[in-house]
Protein chains: 2
Amino acid sequence: MARADYPQPVVELITELKRLPGIGPRGAERVAVWLLQSAKANPEELSESLLAAKNQVRSCGLCGFFATDEGCSICDDSGRDPQTLCVVEQATDVLPLERSGAFSGFYHCLGGKLSPLDHIGPEELRIAPLLQRVEKLPGVEVILALGADVEGEATANYLAEALAARDCKITRIAQGLPAGGGLDHADDLTLLRAMQGRR
Amino acid sequence: MARADYPQPVVELITELKRLPGIGPRGAERVAVWLLQSAKANPEELSESLLAAKNQVRSCGLCGFFATDEGCSICDDSGRDPQTLCVVEQATDVLPLERSGAFSGFYHCLGGKLSPLDHIGPEELRIAPLLQRVEKLPGVEVILALGADVEGEATANYLAEALAARDCKITRIAQGLPAGGGLDHADDLTLLRAMQGRR
């Protein structure tokens, strides 16, 4: 006898699901079986959504956020403040800021952060297009909303220097205690930054 | 201004991914973005695997395990012992047993377990086909490999009674200490069963 396994199409589906981030071998098997057996599952619809998203979604050439052939919902929004430009690392950093309601200007996604160890230098990021954008917006406030890690800091410092000679105001988002966090749970560096940033 | 969100196709993809078991709203967003942005992602291939699995895989009419139009890899395996029939709750219970190498006979998946609270009675399970199968296999050993929970016990007792008058030998898989588990980690019921099952 041969030890039984799932039929080939199921094995292939599990293989594809296993490649997704955050899904391990067990989870992939569970999802595949659910897709095939549950009355609530709709594998055809998932299959169609995948193709639709893949075929219709692209990066906005200006801001780098997700866009479709119909345009970019941010860059095409005339209700936004043209005098503030928020620089973020990734397209995925835009939505948390949007949801917070803290910002109503335009965005510029760099596509990453400077990281010499990973061979990511200024050329690999969308820094040149940022400088061109700032050229065309005299007096704009450029808000550097980058991560509070080493690479984020390095990228912010690099951009501050590159933008220094331009007609723009450079600001950075504050670092300090997270909302709802007590001093007893904050690490030393967070407390140092919170103290330095006092006002 | 309108608060920006992902383009509609991405929102729809996230909605579909969120419905999968074990994937929450954050995980769904992460998977969707990865599928669209990562160089390693291949949404077309995942989309195709979904359709292939959905269209080619069905339940084996005899044992209830996954099968294709080419047949059932278990029921069609002439190298198996026709005198042992292992009864499991779900099709997904078959592979753990196969991988363990502990069994080389045929299977019968019930499609669930008796659960009056969920309105699952004998009619909802593949019990009648099981009785018919046993009729045709005089002297067969029917191994009840059901879960060690209340519903599993109730189902095993029901089957034992239904099969009592038939020409077959009824056995149940043992309950006791899990391999590698010490007595200090076992609960009372497991110890009771282990003691009762001593040999």
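**Close-ups of a predicted two-chain model**

**View 1. Strands β3 and β5 of chain A, side by side.** In this predicted model, β3 (residues 81-88) and β5 (residues 140-144) of chain A run parallel and are joined by four bridges. Look for A:T84 on this pairing: its opposite number in β5(A) is A:E141.

**View 2. The open sheet of chain A.** Step back from that pair and you get four strands in the order β4-β3-β5-β6, with parallel pairing. The edges are held by β4 (105-109) and β6 (168-172) of chain A, each of which pairs on one side only. Going from one strand to the next, the twist averages 25 degrees.

**View 3. The axis between the two chains.**

**View 4. Where chain A touches chain B.** Here 50 residues of chain A are in contact with 49 residues of chain B. On the chain A side, at least two residues each come from α1 (8-18), α2 (25-37), α3 (43-56), β2 (66-67) and α4 (94-100). The biggest giver is α3(A), with twelve residues. Sorted by class, this side of chain A has 28 nonpolar, ten polar and twelve charged residues.

Key:
Residues numbered from 1 in each chain as written. Chains lettered and ligands numbered in written order. Predicted model: local features only at pLDDT ≥ 70, side-chain atom pairs only at ≥ 80, totals over all residues. Pairing = 2+ DSSP bridges. Axes fitted to C-alpha atoms, helices over the stretch in contact; angles between N-to-C directions. Contact = placed C-beta atoms within 7 Å. Nonpolar A, V, L, I, M, F, W, Y, C, P; charged D, E, K, R; others polar.
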